[in-house]
Amino acid sequence: MTEKATSEAPACGLEETTSESAHVPLTEPFGDTAAPQAPGGEQAPGGQQASDPQESARQPPDPAASAAPAGPAATDPALPREDVPSAPLLLAVEDVSDSSVTVSWEPPERLGRLGLQGYVLELRREGALDWVPVNARPMMVTQQTLRNLAVGDKFFVRVAAVSSAGAGPPAVLERLIHIQETIEAPKIRVPRHLRQTYIRQVGESINLQIPFQGNPKPQALWTHNGHALDSQRVSVRTGDQDSILFIRSAQRSDSGCYELTVQLKDLEAKAAINILVIEKPGPPRSIRLLDVWNCNATLEWTPPQDTGNTELLGYTVQKADKKTGQWFTVLERCHPTSCTVSDLIVGNSYSFRVFSENLCGLSASAAVTKELAHIVKTDIVAKPKSFVERDFSEAPSFTQPLADHTSTPGYSTQLSCSVRASPKPKIIWMKNKMDIQGDPKYRALSEQGVCTLEIRKPSPFDSGVYTCKAINVLGEASVDCRLEVKGEA
C-alpha cells in the first residue's frame, strides 16, 4: 500500500488545454518506458511490438475517447488485465479554499504484476471535453493540492494508477468542484482606551481608528446617536482593515454614542464608542456671607448653571484680607455648597470668592462676596487654674548595669552602663575599690545618663573589678563588673 503524502501542483491553467496531452489514453505507458519483450527479442504477449512513445503521441486522437464522459477509461485489450493496476479507491475532496483544492485517494486493490509507478491526476473544466493532466509524470502520492486557482472555476477531477504496462482505469469524482471566495465573518476589535467613555475638550481633535476583520472586504457604516453623521463636521475613511473617524475641532454637540457597523452579506458586527466633549464650567451663580463669629465666617453659594457638560469635582474657596488684597486658597474640591472658614486674624476684614471645578479645571471666573467679614476683637477674661508643680527629684538608680568583659592586650576596651537620677549625679569610677579619677590610662564619659569608661591599651595588669558609682543629694548607687585581660601566649 502507498502511504499518503502532500504535494503541491502548479497552476492548472484551466483556460488553455493541450490537445495532445488531453487525448493520450490513460492506458498508454507514461514516460519513456516501453512495453516488455519476451526473451530472445520476441514480442510481448498480445502480439504487438513496443512502439516509440513520441510516435504514439503524434497519432491522431480518438474522437470517441475525447468526447467520453467523466467515466473510467477502457483498458487496452492488448495488455493483460493483470499488468495494469485497478482504479484508485475513495477519491474525495479534503479541502477547498478561494485559490486551491486538495484531493486524496486510496491505493487500488490490484497494483499489477509489474508494480505501481505512481498516480496521474487530471481535471476537466465544466462544459469542456478535454482532461488536462496536473502532473506530467506519475507521482507516488495519494494526496495533491492544486493551487493558483481563480474564484469561479468549476471542474471535475479524476486520478489513475500507472504501472510499467500503462495506466489503469481512472477513479472519477462525480462531484463538481467550485472555487468560491472564502467568507470570513466580520469582527471589530475596539482598542482598550475606547472601551470606556472617551473624553476630549472643546476645540481638540477626535481621531478614532477602529480595526476590523472580514473577507471579502466588508462595508463599514458609522452612526451618531442612531442618526447619520454630519459630513460637514465628521470625516470617515475606511480601509481594508480599519475605519477612521476624524473631527478636526470637537464641540459639545459631538458628544454621544458613535456606532460602527461592519456588514458582509447577511453577517454584521457592531461596536459602540461613547464620546464626551467637555469644557470648563461656569462660576457659582451667587454667594453670600451667612455669619461671622470670633475668627470664623460661614459662606453659602448656589451651583453654576453650566457644568461644562460633565459633573463637577467640587468648589475652590479663597480668601483675601482688605489690607493686602492677595487671594489665598482655604478649601479645594469642597463638595457641599456651603463652608466655614476658620483661623481668621482678629482686626482684619475679609472678602471671599468661590470657583467651580471639573475635569477641565477651575471656572474662568468666580463668585465674590459683596460684603466684608470684619473680625472684631472680643473681651476675653482669663481664668487661670491652679498649677501644682511636679517634683521630678530622684535618687540614682542604674537602668543598665556593667557587664563582665574580656579583652586582648594592646586593644582599647570600653565599659558602659546607664544611670537615672535627678538632679544630675556625680559619676565616680573605681578599680578594685580604688578611685581611678585623673589616671591618664582611663577616660570617663557621661552623656544623657550613659556612663562609659575607656581603658587605653590594657595589659594583664589592668584586670580586676571595676565599679561605677553615681551620687546626688538624694542618695547613691553603684554597679560592678570584672575585666579580664588575657596575657600574651
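Reader: Which residues does N348 touch, not counting residues up to four places away in sequence?

Author: N348 touches D321, K323, A373, H374 and I375. Contact means heavy atoms within 4.5 Å. This is a predicted model: local features need pLDDT of at least 70, side-chain atom pairs count only at pLDDT 80 or more, and totals for chains, interfaces and linings use all residues. Residues are numbered from 1 along each chain as its sequence is written; side-chain values use heavy atoms, with hydrogens and water left out.

Reader: Why is N348 called buried?

Author: Its relative accessible area is 10%. Buried means under 20%, exposed over 50%, and partly exposed in between (1.4 Å probe, protein chains only). So N348 counts as buried.

Reader: What makes the link between the side chains of N348 and K323 a polar contact?

Author: The distance is 3.4 Å. A polar contact is a pair of N or O atoms within 3.5 Å; within protein, one must be able to donate a hydrogen and the other to accept it, and residues adjacent in sequence count only if both atoms are side-chain atoms. The pair therefore falls inside the cut-off.

Reader: Where does N348 sit?

Author: N348 lies in the loop between β23 (338–341) and β24 (349–358). Those names follow DSSP runs, numbered from the N terminus: helices are H or I with at least four residues, strands are E with at least two. The chain has 3 helices and 36 strands.

Reader: Why is C334 called buried?

Author: Its relative accessible area is 12%, so C334 is buried. C334 is found in strand β22 (residues 327–334). Apart from neighbours within four places in sequence, C334 contacts W301, G314, Y315 and C339.

Reader: What share of the chain is buried?

Author: Buried residues make up 38% of the 489 residues.

Reader: What makes a set of residues a nonpolar core?

Author: The members are buried Ala, Val, Leu, Ile, Met, Phe, Trp, Tyr and Cys residues, joined through side-chain atoms within 4.5 Å. The largest such core here has 21 residues; I188, I206, L208 and I275 touch the most other members. Elements giving two or more residues to this core are β12 (206–215), β16 (242–247), β17 (256–264) and β18 (267–278). β18 gives the most, with 5 residues.

Reader: Which residues does L208 touch, leaving out those up to four places away in sequence?

Author: L208 touches L194, Y198, S243, I244, L245, I273 and I275.

Reader: Why are β10 and β12 called paired?

Author: 3 bridges join β10 to β12, and the two run antiparallel. Two strands pair if DSSP finds at least two bridges between them, so β10 and β12 qualify. K187 has Q213 in β12 as its bridge partner.

Reader: How many bridges does β17 form with β13, and how many with β18?

Author: 6 bridges join β13 (residues 219–224) to β17, and these strands run antiparallel. T223 has E259 in β17 as its bridge partner. β17 and β18 pair in the antiparallel sense over 9 bridges. There, T261 stands opposite K270 in β18.

Reader: What lies between β17 and β18 in their hairpin?

Author: 2 residues lie between them. K265 in the turn has a positive phi of about 55°.
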